[in-house]
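I opened a new notebook page for this one.

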Amino acid sequence: MEAQDPSVEEAAFVADDVSNIIKESVDAVLQNQQYSEAKVSQWTSSCLEHCIKRLTALNKPFKYVVTCIIVQKNGAGLHTAASCWWDSTTDGSRTVRWENKSMYCICTVFGLAI
Amino acid sequence: MAEQQFEDMEAFLRVAKYTLVKFTDMNSEMKEEAMDICITAVEKYPNDAEKCTQMIKDQMDKKFGAPWHVVVGKGFSYEITYEVSSWQAAAMDDSMPFQSGGIKEVVYENTYITDPEGYGPNTKFERHKVQAVLKQVLKERIEKQKYDPVKGAQISKQLSDDLREKVKALGYDRYKLVIQVTVGQKQGQAMRIISRCLWDTQSDNFASEYYENESMYCVCQVYGLYYE
């Protein structure tokens with residue numbers, strides 16, 4: 001029996017690490033901020049940059065897709081759904097919901113094995 | 001003379017009572033274990049083929065992972081496709097000839113093709129085609145709808161499933177798909193959806209469409225990631 005590479009054993013998507021990363025990135029950028037039309041695009045970009053940098057630092061053989069939705073709190077309803085065509089043994093996704101007094105932020109990371 | 005032969009045969013059998021392995025490509029560990037399991041089973045149930053096969057299959061599944069196919073009998077012919085290194089045909093003299101083969105997961109051979117174009121024309125994720133499909137589906141579904149909190153959840157789920165089927169039908173075989181649908185109520189609020197991806201820019205792509213009517217809006221994104 002051949003020995004398995006250690007990298008192969010770690011190849012499954014580890015959801016917990018990822019959700020921590022997302023939470024921290026969002027917190028770092030949006031904490032205590034008020035919703036402001038001008039700044040929103042800047043925030044989303046920096047949130048996503050943070051996320052991606054830290055995901056790459058995990059050094060796993062994965063492709064990532066990160067989406068971020070920021071909505072102003074207005075009493076409006078919002079629904080999000082995702083459907084995926086992938087290999088369920090190696091791929092996974094994680095969604096983190098974050099809110100403060102003026103806005104909601106929904107951040108999703110999809111990780112697909114190479 | 002015949003009697004002598006017969007005696008010799010019996011004596012021979014008694015002495016050399018072990019399995020005759022006709023063909024196998026298992027490695028020696030697996031082979032030894034498989035042989036042991038088979039011998040025990042046949043000795044335990046010499047006249048009951050069903051129990052015998054059940055026992056062998058259970059043990060092989062436990063030890064080496066499902067699924068295994070086991071055939072026990074006194075006369076049969078076969079045609080089997082199997083995964084390499086898990087096939088064994090053996091005969092136990094005088095009682096029951098048997099064979100067991102394992103058909104495990106399919107092993108893919110190397111195609112030596114590294115990008116989507118290698119599989120033929122029209123295999124690269126084409127953004128405009130996907131966008132056209134998205135537009136059409138969104139229009140059909142959302143045109144006459146009014147925002148309703150209960151229905152909204154259903155709509156978004158159904159939409160994402162439908163879109164997945166339609167994009168699959170476009171025939172991008174080597175692509176993994178991720179489809180995200182967001183449905184919201186129009187109430188004068190502002191919102192922003194942004195995405196960032198870490199992928200291979202030459203082979204992966206995405207398409208996104210936006211549709212709105214008087215009471216609601218819908219945004220959907222389709223990401224196609226090439227998988228070797």
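I began with a rule: rings of Phe, Tyr and Trp (its six-membered ring) pair if their centres lie within 6.5 Å; planes under 30 degrees apart count as stacked, over 60 as edge-to-face and the rest as tilted. With that I looked up one aromatic cluster, formed by Trp199(B), Phe206(B) and Tyr223(B).

I noted the ground rules next. This is a predicted model, where local features need pLDDT of at least 70, side-chain atom pairs count only at pLDDT 80 or more, and totals for chains, interfaces and linings use all residues. Residues are numbered from 1 along each chain as its sequence is written, chains are lettered from A and ligands numbered from 1 in written order, and side-chain values use heavy atoms, without hydrogens and water.

I counted aromatic pairs over all chains and found four. Tyr175(B) and Tyr226(B) make an edge-to-face pair, 5.8 Å centre to centre with 65° between the planes. Tyr175(B) lies in strand β5 (residues 175-185) and Tyr226(B) in strand β8 (residues 216-226) of chain B, so the pair ties together parts 51 residues apart in sequence. Strands here are DSSP runs of E, at least two residues, and helices are runs of H or I, at least four, numbered from the N terminus.

Are these two tyrosines, Tyr175(B) and Tyr226(B), buried or exposed? Both Tyr175(B) and Tyr226(B) are buried (under 20% relative accessible area, with exposed over 50% and partly exposed in between; 1.4 Å probe, protein chains only).

I then checked charges over rings (NZ of Lys or CZ of Arg within 6 Å of the ring centre and within 35 degrees of the ring normal). Arg127(B) has its charged end over the ring of Phe206(B), 4.8 Å from the centre. Lys168(B) has its charged end over the ring of Trp85(A), 3.5 Å from the centre.
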